[in-house]
Amino acid sequence: GRISIPLIAWCIGTCASIFPFEVQFGHAGALARGNMETALAKNAALKAAGALVPGNFIEFGDKIKETYDKLVASGRLVKAPEPETPKIPMDYTWAKRLGLVRKPANFISSISDDRGDELQYAGTPISEVFEKDMGVGGVLSLLWFRRELPSYATKFIEMILMVSADHGPAVSGAHNTIVCARAGKDLVSSLVSGLLTIGPRFGGALDDAALMFTEASDAGVDAAKFVKDMRKSNRLIMGIGHRIKSLSNPDKRVEIIKNYALENFQDNTVLKFALAVEQITTKKKANLILNVDGCIAACFVDMMRSCGAFSTDEANELVKNGCLNGLFVLGRSIGFIGHVLDQKRLKQGLYRHPWDDISYLNGVDM
């Protein structure tokens, strides 16, 4: 049938006649073979057939608007309301370049920065760490506390790591590490098996000891009353007692830490309170001494409070965040790794606990 609505058409390629040679326009293989197949001839044929053909391609848009206006004026076309312009989101990369938006961070880190020319620990370039010969204690103070501590404090941190590095193969953490290594596990797995034993009964008493001694000392509680109150509430005094060491068999590690603190720290209030508690507890039993965990805890609080780098609130917060137990974990990891390497070097086979060291209970015994 015939087309009853206006048809606006234009066949491109009218400029072909300008060229002195044949030019291909449109899809591959389209080629005018004679005057009747040129764009000019096709536009003329379209116009003769009733199509609305503009004078040139530039007028194509004008012809569309002209036709549209005529249809609206005649009533043949009802003008539709203009739809709401959709909101197109701003391109993020472009907007960020202009400073209009910023990407929210998934992580926040305040202890190190590797983006520049030089790695930084708490704002200190790595080259400066070596120029100042900060050592492990200095690096730890930057990464853990974001402070450059005085040399006597960083040395004390290194002393803590040294005295807590190992305590023989019989303790639970070393035992687990050795058993795991002898089962053929890798170094990291063996190390983790030992670290997972650290808790309130083994190595994990430093934080609690620091909190107990500090709170009582700050409150002005007498050592005797402190011990009495703990006994009444049926609570263990963390940092007091040792299975082997006693007054007659003192722990040399405690002596080293205690003497260094008394000689170098400006204040030893918490340590003196802990020693006063020891005087009370050892009257009851000789092995209820201030152990290495308790001594480190008390001395560390005194060091942080008196070194001038922390306020009292900051020092208390660091203890509550677990930094003291962290020192034990870090130090003892040295020993655990040593046990793994030792077992591998000795080529020790799979460990099986001997039967004669196990009490087997059956239903009758129960």
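Helices (DSSP runs of H or I, at least four residues) and strands (DSSP runs of E, at least two residues) are numbered from the N terminus, and Phe107 is found in the loop between helix 3 and strand 1. The structure described here is a predicted model, in which local features need pLDDT of at least 70 and side-chain atom pairs count only at pLDDT 80 or more, while totals for chains, interfaces and linings use all residues. Residues are numbered from 1 along each chain as its sequence is written, and side-chain values use heavy atoms, with hydrogens and water left out.

The secondary structure of the protein chain comes to 15 helices and three strands. Its C-alpha trace spans about 125 × 55 × 55 Å along the principal axes. The radius of gyration, taken over C-alpha atoms, is 42 Å, whereas a compact globule of 366 residues would have a value near 21 Å by the rule of 2.2 Å times the number of residues to the power 0.38. Buried residues (under 20% relative accessible area, with exposed meaning over 50% and partly exposed in between, for a 1.4 Å probe and protein chains only) make up 34% of the 366 residues in the chain.

The three strands form an open sheet with the order 1-2-3 and antiparallel pairing, where two strands pair if DSSP finds at least two bridges between them. Strand 1 (112-113) and strand 3 (124-125) are the edge strands, each pairing on one side only. Strand 1 and strand 2 (residues 120-121) are joined over two bridges in the antiparallel sense, and Ser112 stands opposite Tyr121 in strand 2.

The structure holds 11 salt bridges, each defined as a side-chain nitrogen of Lys or Arg within 4 Å of a carboxyl oxygen of Asp or Glu. In helix 2, Asp69 and Lys65 lie four residues apart, about one turn of the helix, and their side chains meet in a salt bridge of 2.9 Å, N to O. Asp69 is partly exposed at 36% relative accessibility, whereas Lys65 is exposed at 52%. Glu66 and Lys70 also lie in helix 2 with a spacing of four residues, and their closest N and O atoms are 3.3 Å apart. A further salt bridge links Arg115 to Asp113 at 2.7 Å, and Glu128, Lys132 and Glu148 are linked in a network of salt bridges.

The structure holds zero disulfides, a disulfide being counted as a pair of cysteine sulfur atoms within 2.5 Å. Cys15 is partly exposed, with a relative accessible area of 33%, while Cys299 is buried at 0%.
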